[in-house]
Amino acid sequence: MQPLRVYSVVPKLPPKLKPLWDLAYNYWFSWNTEIVSLFAQVDHKLWRECYGNPIAFLNRLPQKTLESLAEDDFFLERLGDLRQRLAAYLARKATSIPFPDKTGEPVVAYFSLEYGISLCLPVYSGGLGILAGDHLKSASDLNVPLAGIGLCYQQGYFRQYLTPDGWQQERYPIYDFEQLPVTLCKDASGGRILISVDLRGEKVFAQIWKAQVGRVSLYLLDSNVPENQPASRQITARLYGGDLEMRVRQEYLLGIGGIRALTALGLSPRVIHMNEGHSAFAGLERIGNFMRENGLSFEAALELAASSSVFTTHTPVPAGNDRFPPELMQPYFEDYAKKLGLAFKVFLALGREDPRNDAEHFCMPVLALKLSRFNNGVSLLHGVVSRKMWNRVWSQYPVEDVPIGAITNGVHVPTWVAQDIGALYDRYLGGNWREDPDCPRVFSQAQAISDAELWRTHERLRERLVGYVRVKLREQLLARGAKRKELLISEEVLDPQALTIGFARRFATYKRANMLLQDKERLIKIISDSPRPVQFVFAGKAHPHDNEGKKIIQELVQLCTSSECRYSMVFLEDYDMEVASYLVQGCDVWLNTPRRPLEACGTSGMKAMCNGVLNLSTLDGWWAEAWRPDNSVGWAIGQGEEYEDAAYQDFVESQTTYNIIENEVIPTFYERGHGNLPRNWIRKMKESISSLAPVYNSHRMVEDYARIAYVPALDNYNRLVKNDFAAAKDLASWRMDMMTKWSNLDIRNIKTGEPEQLHVGDPVTVTAEVHLNGIRPQDVEVQIYSGRLNYEGKFAQRETTVMKPTSTTGDGWHVFSGEITPGEAGRFGFTVRILPHHPLLLDSHSLGLIRWAQN
Ligand SMILES: *Cc1c(COP(=O)(O)O)cnc(C)c1O
């Protein structure tokens with residue numbers, strides 16, 4: 001039986017408690033622990049049952065409790081104070097970022113398939129989502145005019161539990177958005193705002209939920225509306241659920257639907273940021289809009305869209321990059337391509353590394369690279385890896401010139417720092433560590449924190465972690481139907497005083513969670529040393545289709561439950577933001593063992609770092625740039641080697657890991673001096689906080705994005721649209737002209753007046769004659785490409801020097817000239833090349849046009 005009408009019933013909150021709704025509906029609570037305490041202290045048990053969701057919590061509080069709270073002056077005073085602080089936060093205009101736009105409307109639209117903002121908003125799976133959540137929070141703190149776009153998954157990402165023999169099971173609770181801190185977007189007359197997209201000829205609708213993240217709005221599209229066919233209602237059922245076709249449908253909704261949602265909401269951001277290739281269809285929709293609304297050609301619209309788009313790639317793992325077969329693309333995009341005025345084959349080429357290869361699948365990161373002029377990887381090393389990985393998109397290019405830069409990720413410090421550590425920072429660094437975490441002066445004061453205070457605080461957090469593990473383990477065991485005797489283990493598991501090593505992350509194979517299992521006897525010896533005990537806490541989910549990952553979990557769990565290990569090794573189920581918080585705040589060491597260079601960045605180690613937890617990791621991702629050879633901020637496993645033989649690598653690196661734990665970590669931790677303090681350990685904690693926290697935080701990251709990408713992209717946009725899009729049209733026709741004439745460019749008669757042998761510091765003049773095929777000399781840049789050579793005679797490093805046009809030959813070739821100076825002794829070589837040059841082209845490499853001198 002279907003009900004005739006449905007109502008949302010909300011509790012009768014006494015008027016004095018109304019401000020509770022304001023606090024509950026702004027995810028500001030997720031980085032203001034006092035608000036969470038305010039809720040939790042009303043009813044800890046209920047708060048925990050509500051999974052950190054203040055709306056569900058308020059809705060479930062008994063009317064009697066509400067009434068007594070309304071009489072509690074102390075509570076009301078705290079509530080009033082917090083409400084006022086939220087108002088002050090929302091009203092603040094200060095910003096360190098010189099955005100040329102002051103309207104307060106979002107200028108940047110940030111697109112992501114997942115967001116990790118709070119435990120109770122189940123639209124994240126792991127690092128990518130947490131990063132997006134931290135990005136929004138820092139954008140809010142920094143007053144960057146940005147709005148987020150994502151999808152609202154009714155079943156979220158799966159929740160993990162294990163069978164008694166350790167095999168991962170997945171469960172999908174159904175979330176009721178009416179009970180979450182989100183509101184449905186409505187139009188002026190009170191109706192739902194609905195957008196639609198065309199999926200294989202079916203008109204599919206989506207409504208929009210808004211999550212308020214401080215000052216930033218996050219809009220989440222939801223296809224579960226009665227207007228849709230049952231299958232289409234499922235598009236937003238699960239994050240990373242379903243098959244490849246489901247992924248196309250989700251990404252269609254995110255990218256194309258996302259742009260339509262912004263319009264329907266009356267927003268017109270001029271810059272878009274594609275967080276991973278998932279949202280790259282957004283670029284197509286913008287192109288189509290510019291064509292339709294402004295009468296631009298496809299080419300001019302593309303210039304405009306790309307010049308104002310930012311793309312961040314997040315993984316070197318091939319499975320992490322969506323590739324769709326042409327047959328799958330066709331029913332979704334054949335008509336769409338027509339509207340863009342493109343033959344379907346030309347359309348497909350936008351997603352192909354080699355545009356002429358009809359067999360190649362349509363690759364989302366490739367599309368994003370072609371539709372954006374600001375591309376970046378997420379650590380310095382990942383920048384290098386990405387340039388190599390996507391070199392084929394710019395096939396004529398030396399890898400250094402592939403236009404993908406690097407902006408290293410960071411974490412939102414106030415979200416991840418434990419309340420107790422935060423209180424220490426308040427006292428020693430001043431309150432502005434929250435607002436200005438990337439100010440080195442602020443964090444340098446961490447050196448002044450009293451050793452005893454820091455250590456006692458840290459020990460309290462370890463104790464809190466142990467308490468949490470015991471409760472969680474008990475719940476896990478009960479759910480598995482464990483016997484009473486087994487339940488007793490959970491009461492005694494872990495020692496609050498013992499050296500605690502944490503390892504928690506997705507169980508992707510490259511992360512090698514089984515590294516420590518290489519030599520189980522040695523591991524058991526490490527944990528059983530009674531005067532100097534060591535214990536481990538593990539957590540993490542394997543992708544539902546990843547049986548290898550599940551096997552690793554099983555192997556690990558079996559060891560954790562063995563009689564030798566069960567008191568000092570624990571696997572916590574259902575890794576989420578709550579488990580992550582306890583772990584990164586309460587462990588002593590954060591272990592990470594990715595197979596270099598497959599970890600693009602990694603962020604959990606940064607969360608640990610800003611709590612004074614020391615990292616022990618292979619030199620991959622952020623650790624490759626953060627670690628210091630004197631081990632003053634933590635330890636490195638190996639020296640950044642990359643191996644051909646994975647099994648051999650695992651063997652070598654596991655031995656190294658045991659060695660470091662035995663010879664460095666354990667002695668430093670247990671070497672106690674006056675007051676039972678481990679002085680050397682504390683010194684590392686302070687060094688790590690004071691030198692790494694100012695760098696690896698998301699304020700620094702968002703400021704980098706603003707400075708390197710958002711502001712220049714907005715400038716570009718403004719320049720290109722002026723005078724009825726004159727510059728966009730000009731740039732497009734210039735580009736077309738270049739493309740037609742480019743293949744006939746030529747270089748001849750390269751001359752240096754110098755002998756074979758040179759001395760360091762001797763300048764060399766190079767001249768070359770260049771045939772420009774009708775292109776004006778100012779439209780190109782002729783460069784000398786020079787540098788030291790390696791033993792194979794290839795450039796080991798290079799430098800580029802611009803040549804100037806000096807004269808013309810009788811047959812119409814232009815003579816260019818420039819001067820280079822070899823800076824060091826050794827084999828040295830040079831060549832000459834031509835690149836396009838236009839004042840509005842941000843990066844002369846982005847067109848993919850280049851001409852090298854032929855031998
Ligand atoms: C931070 C975090 C991650 C990402 O950690 P990595 O070190 O990048 O693997 C994944 N899941 C959760 C729940 C997190 O909090």
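Mentor: Happy to! In this predicted model, let's begin at threonine 163, which sits in the loop linking strand E3 (159–162) to strand E4 (168–171). Its side chain makes a polar contact of 2.5 Å with the side chain of aspartate 165. The side chain of threonine 163 also comes to 3.0 Å from the backbone nitrogen of tryptophan 167. Leaving aside residues up to four places away in sequence, threonine 163 touches Gln169 and Arg480.

The protein is divided into domain 1 (15–91), domain 2 (108–406), domain 3 (416–638 + 645–695) and domain 4 (738–852).

Because domain 2 and domain 3 both give residues to the shell around the ligand, the ligand lies between them. That shell counts 14 residues, and the closest are Lys511, Ala580, Thr603, Ser604 and Lys607. Sorted by class, the shell holds 5 nonpolar, 5 polar and 4 charged residues. Three helices each supply at least two of its residues: helix H7 (127–141), helix H24 (577–586) and helix H25 (604–609).

Let's go atom by atom through some of the polar pairings. A polar side-chain atom of serine 604 is 2.4 Å from a ligand oxygen. For lysine 511, an N or O atom in the side chain lies 2.8 Å from an oxygen atom of the ligand. Threonine 603 takes part through its backbone, where a polar atom is 3.0 Å from an oxygen atom of the ligand. As for cover, the ligand taken alone exposes 390 Å², and the protein buries 95% of that.

Between them, domain 1 and domain 3 bury about 460 Å², with 25% of it on carbon and sulfur atoms. On the domain 1 side, Thr33, Arg48 and Tyr51 supply 82% of the area buried against domain 3, more than any other three residues.

Notes
Residues are numbered from 1 along each chain as its sequence is written. This is a predicted model: local features need pLDDT of at least 70, side-chain atom pairs count only at pLDDT 80 or more; totals for chains, interfaces and linings use all residues. Side-chain values use heavy atoms; hydrogens and water are left out. A residue is near a molecule or strand if one of its heavy atoms lies within 4 Å of it. A polar contact is a pair of N or O atoms within 3.5 Å; within protein, one must be able to donate a hydrogen and the other to accept it, and residues adjacent in sequence count only if both atoms are side-chain atoms. Accessible areas come from the Shrake-Rupley method with a 1.4 Å probe; for residues, only the protein chains shown count as cover. Helices (H or I, at least four residues) and strands (E, at least two) are DSSP runs, numbered from the N terminus. Ala, Val, Leu, Ile, Met, Phe, Trp, Tyr, Cys and Pro count as nonpolar, Asp, Glu, Lys and Arg as charged, and the others, Gly among them, as polar. Domain bounds come from an automatic or database domain assignment. Buried area is the accessible area (1.4 Å probe) that two parts lose on being put together, summed over both. Contact means heavy atoms within 4.5 Å.
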